[in-house]
Amino acid sequence: MGYILAIESSCDDSAIAITEIETLKLVFHKKISQEIEHSIYGGVVPELAARLHAEALPKILEECAPYFDKLKAVAVTSSPGLAVTLIEGVTMAKAIAVALNLPLIGVNHLIGHIYSLFIEKEEMFPMTVLLVSGGHTQVMEVQGLHAITTIAKSMDDSFGESFDKVAKMMGLGYPGGPLIQELAKEGDRTRYPFTVPLAQSSALAFSYSGLKNAVRLAVETASEADYKDIAASFEHIAVAHLIQKLKKYFKTNPPKRFAIVGGASANLYLRAQLEALLKPYKAELLLSELKYCSDNAAMIGRVAVAMYNEGLFTPMSELEVTPKSTI
Ligand code: KG4
Ligand code: ZN
């Protein structure tokens, strides 16, 4: 039996996982989130995040010591993400690789989110995937590890980021997604008639900056009692934008198996609207377990097992941080 140790530090979660290669069993997973520390700033402060990773990762690593003698490889998120936080994980991975004489596997964080569907499970392809996170909003056709085609992506802010920014405008804290979702539950979704972005455009693309600015204007002239209606109306339109573009894509590419991944895939209103959209197609809907929607190392470990089985190692000199890479 052999294990892979996987490290995640692309944003504000420090996490390490140990996955058994042969059985896919997640034998260890620990994550230390920095939400409270960033909350007062209404968003992630990169330098603070890096300092917190430097404290948290070694603490988690100590707990992994019992597995060291059975490790076969060290995996780490090397792209995309914040440069100063990615480097914390990559440096630690390189140090472990040298100390224990192990090969390295550099993992793309976005592929990690896709593989969050397969933690302790066999892979299932092909499928259409909607990735909604703090950094990305994209639709992909996924045939396998090496066959991922991006169909649509955001031209500016991401879906999750727009929730974070709206929450910041209202002084609610960070991350904004769960806070806005909660507030929206009691609100009137029709009271603020925000415009669905790119509704007149035939392009398969997303944009959230215009909606964010419209919400800003509404917040500036509203009282706190109106916030729940603004949150509900915003969430409604933010989701309607995704649904409208997917509907358009499905006309020529009817879905058979569809997955939503990424931190914002936890959004219940989005899940409900997507279920309704998929119903006429009788398409299967795949979701990650709630605890693996947001950033974690278990998903990085799961990709790493697939890469390990194909002999896809990253030479030490080539393992670099690539903050802006995509799929
Ligand atoms: O995947 P993730 O943990 O980190 C990135 O890779 O970016 O996603 C975090 C993002 C944040 O923007 C957060 O506000 C959003 O996911 N999020 C949500 C919800 N839960 C988390 N957005 C909308 N509704 C939610 N329930
Ligand atoms: Zn993520």
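This is a predicted model: local features need pLDDT of at least 70, side-chain atom pairs count only at pLDDT 80 or more; totals for chains, interfaces and linings use all residues.
In which loop is the place of Pro 126? Pro 126 is found in the loop between α4 and β6, the latter covering residues 127-132.

Phe 125 and Pro 126 are joined by a cis peptide bond, with omega at about -5°. The loop between α4 and β6 also holds Glu 120. Glu 120 is not a glycine, and yet its phi is positive, at about 60°. As background, most residues other than glycine have a negative phi, and most peptide bonds are trans. A further cis peptide bond joins Tyr 174 to Pro 175, again with omega of about -5°. Pro 175 belongs to the loop between α5 and α6.

I turn now to the sheets, beginning with the one that contains β1. This is an open sheet of 5 strands, in the order β3-β2-β1-β4-β5, and its pairing is mixed. Its edge strands are β3, residues 26-33, and β5, residues 104-108, each of which pairs on one side only. On average, neighbouring strands of this sheet are turned by 20° against each other, direction ignored. Within this sheet, β1, residues 3-8, pairs with β4, residues 71-79, in the parallel sense, and the pairing runs over 5 bridges. To locate the pairing in the structure, please find Ala 6, which stands opposite Ala 75 in β4. In general, strands of a sheet pair through backbone hydrogen bonds, either parallel or antiparallel.

There is also an open sheet of 5 strands with the order β8-β7-β6-β9-β10, and here too the pairing is mixed. Why is one side of β8 and of β10 left without a neighbour in the sheet? These two strands, β10 being residues 284-287, stand at the edges with a single partner strand each, so one side of each has no neighbour in the sheet. The twist in this sheet averages 25° from one strand to the next.

Strand β7, residues 137-144, and strand β8, residues 147-153, run antiparallel and are joined by 6 bridges. They form a hairpin with 2 residues between them, and Glu 141 stands opposite Thr 149 in β8. By contrast, β9, residues 257-261, runs parallel to β10, with 4 bridges joining the two. Arg 257 stands opposite Glu 284 in β10.

The surroundings of ligand 1 consist of 21 residues, and the closest are Gly 134, Asp 164, Gly 263, Asn 267 and Asp 295.

A backbone N or O atom of Gly 263 is 2.9 Å from an oxygen atom of ligand 1. In the side chain of Asn 267, an N or O atom lies 2.9 Å from a nitrogen atom of the ligand. The side chain of Gln 181 likewise has an N or O atom 3.2 Å from a nitrogen atom of ligand 1. On its own, ligand 1 has 560 Å² of accessible area, and the protein covers 89% of this. The elements that give two or more residues to the shell are α4 (109-115), α5 (159-169) and α6 (176-184).

This brings us back to the opening: α4 gives residues to that shell, and the loop between α4 and β6 is the place of Pro 126. Thank you for your attention.

How values were computed: Residues are numbered from 1 along each chain as its sequence is written. Chains are lettered from A and ligands numbered from 1 in the order in which they are written. Side-chain values use heavy atoms; hydrogens and water are left out. A residue is near a molecule or strand if one of its heavy atoms lies within 4 Å of it. A polar contact is a pair of N or O atoms within 3.5 Å; within protein, one must be able to donate a hydrogen and the other to accept it, and residues adjacent in sequence count only if both atoms are side-chain atoms. Accessible areas come from the Shrake-Rupley method with a 1.4 Å probe; for residues, only the protein chains shown count as cover. Two strands pair if DSSP finds at least two bridges between them. Axes are lines fitted to C-alpha atoms, for helices over the stretch in contact, and angles run from 0 to 180 degrees between N-to-C directions.
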